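Visitor: I am new to this structure. Please take me through one part of it closely, ring by ring and then helix by helix.

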Amino acid sequence: MIFARIRWLYAIFVILTGMTLMIATFYLLPKPYSVKFSAWFIRLLVFIPVRLKGKEDPEAQMFLVNHQSDIDIGIMETISTRDLAWVAKQELFKVPFFGLVLKLPKDIPLQRESKTSLVKLLKECKERLDHGRVITIFPEGTRTETGKMKPFKPGAKIVADKYALKVQPVVLIATAWHFSNKRRDFCSGAVTAIYLDAFVADRSDPEWLEKLHATMQKVYDDELANHPRYR
């Protein structure tokens, strides 16, 4: 237990240092290199190599990613060459220090259960898309460490349908096993990330988000069966 806490504290220190580097270099490096530099700094110092399956679609306009751990963002930033615009809860933008990490690269705040916020979300997503960024969303809306993805929130579908976006799902395998604030534990080791085939959102299909949830869960379960240490 003591060693688990020490490992976790080390990872926290590295993550905070990486965020500080991002803030310090944001206006010194061309976009989005300060974010990428920070993410690579964290990933290398916490010893998290990535087994990548599938290929990033260079025409993707939205990434939908399952969410288990705080290291998920860093993993996505390092496996993608694109400038990612993250959609996150509005409350996170108000958190001291961490809020600045979101505000500087102009990530997108989301106020839940608000029609006014939905209009603002669509507007801000369009602005980021016009600048060549990829809208990146955890459609579950929160972390889950059980391996069973929570139902996907409708926001991602609304944005994708509105602008007929090319959507690419990404499945991250058991990242909570490597880093968990809930358990206060950290274990280095390789993480598997899987790019699924991209598709253009079809607003005529009201169930495509639910179908995608089932597909991503199956990919997760099938891949997990190949990694007995996570069971």
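**Aromatic pairs and a helix pair**

Guide: The count comes to five aromatic pairs. This is a predicted model. Here are two of the pairs.

Start with Phe26 and Tyr27. Their ring centres lie 5.2 Å apart, and their planes stand at 90°, so the pair is edge-to-face. Phe26 has 6% relative accessibility, so Phe26 counts as buried. Tyr27 has 69% relative accessibility, so Tyr27 counts as exposed.

Now take Phe199 and Trp208. Here the ring centres are 5.4 Å apart. The planes of Phe199 and Trp208 meet at 70°, over the 60 degrees needed, so this pair is edge-to-face. Phe199 is partly exposed, with a relative accessible area of 24%. Trp208 counts as buried, at 7% relative accessibility.

Next, the helices. Two packed helices are described by the angle between their axes and the distance between the axes. Helix α1 covers residues 2-25, and helix α2 covers residues 33-45. They pack at an angle of about 160°, with axes 8 Å apart. Angles over 145 degrees count as roughly antiparallel, so that is how α1 and α2 run relative to each other. The crossing of α1 past α2 is right-handed.

Which residues of α1 and α2 make the contact? From α1 come Tyr10, Val14, Ile15, Thr17, Gly18, Met19, Leu21, Met22 and Thr25. From α2 come Ser34, Val35, Phe37, Ser38, Phe41, Ile42 and Leu45. By class, this contact of α1 with α2 holds 11 nonpolar residues, five polar ones and no charged ones.

Terms used. Residues numbered from 1 in each chain as written. Predicted model: local features only at pLDDT ≥ 70, side-chain atom pairs only at ≥ 80, totals over all residues. Heavy atoms only, no water. Axes fitted to C-alpha atoms, helices over the stretch in contact; angles between N-to-C directions. Helix = DSSP H or I, 4+ residues; strand = E, 2+ residues; numbered from the N terminus. Parallel < 35°, antiparallel > 145°, perpendicular 65-115°, else oblique. Left-handed = near helix turned anticlockwise from the far one by under 90°. Contact = heavy atoms within 4.5 Å. Nonpolar A, V, L, I, M, F, W, Y, C, P; charged D, E, K, R; others polar. Phe/Tyr/Trp six-rings, centres within 6.5 Å; stacked < 30°, edge-to-face > 60°. Buried < 20%, exposed > 50% of the residue type's maximum accessible area, 1.4 Å probe, protein only.
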